[in-house]
Amino acid sequence: MTSTEGVTIVETVPARSDACAHSGLRIIFTDVQISMSEAIELAEGFKLLGEPTRVRILYALLEHGEMNVGDLARTVDTSETTVSHAMRLLRTAAIVRNRRDGRSIYYRLDDDHVRQLLELSLEHLAHRGDG
């Protein structure tokens with residue numbers, strides 16, 4: 001077993017002449033680019049995106065920029081209670097942010113990273129449909 005900069009070669013066997021040059025190696029990559037705590041945090045964020053109403057709310061914000069709970073509820077055809085609960089979860093996870101204007105609270109996507117994630121996800125869905 002040998003190890004070099006995050007790669008461990010655990011087994012070597014003679015490569016067959018008709019196989020690729022690397023067929024005799026079994027390689028384990030030991031340099032993971034994400035820590036366990038980061039992986040857990042990302043997984044929790046992705047869990048929030050696993051509920052269809054929340055996804056529709058996020059895409060409404062993507063399309064309209066900024067909306068209040070009442071407008072979001074009408075747009076995604078759900079109750080204001082459902083939207084308020086979703087916004088609390090999404091705000092806690094830094095997926096959306098809010099601002100107060102008098103008695104109204106307006107929500108928008110937290111930043112461009114969230115916008116890019118949503119746009120790429122929709123693009124990926126369209127791409128999957130092409131194949």
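Let me start with Asp77, which is found in the loop between α3 and α4. Please keep in mind throughout that this is a predicted model. Asp77 has a positive phi of about 60°, although it is not a glycine, and with a relative accessibility of 70% this residue counts as exposed. A second residue of this kind is Ala94, in the loop between α4 and β5 (96-101); here too phi is positive and near 60° in a residue other than glycine, but Ala94, at 42% relative accessibility, counts as partly exposed.

Let me step back to the whole chain for a moment. Its secondary structure comes to five helices and six strands, and if you read along the sequence you will find the pattern β-β-β-α-α-β-α-α-β-β-α. Of the 131 residues, 23% count as buried, and among the contacts with a separation of 6 or more, 37% are between residues 24 or more positions apart.

If we take Met87 and leave aside its neighbours within four places in sequence, we find it in contact with Ile57, Leu61, Leu72, Val96 and Tyr107.

That brings me to how α2 and α4 are arranged: their axes come within 10 Å and cross at roughly 80°, and the two helices are therefore roughly perpendicular to each other. On the α2 side the contact is made by Thr53, Arg54, Ile57, Leu58 and Leu61, and on the α4 side by Thr82, Val83, Ala86, Met87, Leu89 and Leu90. Sorted by class, this contact has eight nonpolar, two polar and one charged residues.

I will finish with Thr92, whose place is also in helix α4. Is Thr92 buried or exposed? Its relative accessibility is 66%, so Thr92 counts as exposed, and its side chain reaches the backbone oxygen of Arg88 at 2.8 Å.

Notes. Residues numbered from 1 in each chain as written. Heavy atoms only, no water. Contact = heavy atoms within 4.5 Å. Axes fitted to C-alpha atoms, helices over the stretch in contact; angles between N-to-C directions. Helix = DSSP H or I, 4+ residues; strand = E, 2+ residues; numbered from the N terminus. Parallel < 35°, antiparallel > 145°, perpendicular 65-115°, else oblique. Nonpolar A, V, L, I, M, F, W, Y, C, P; charged D, E, K, R; others polar. Buried < 20%, exposed > 50% of the residue type's maximum accessible area, 1.4 Å probe, protein only. Polar contact = N/O pair within 3.5 Å; in protein donor to acceptor, adjacent residues only side chain to side chain.
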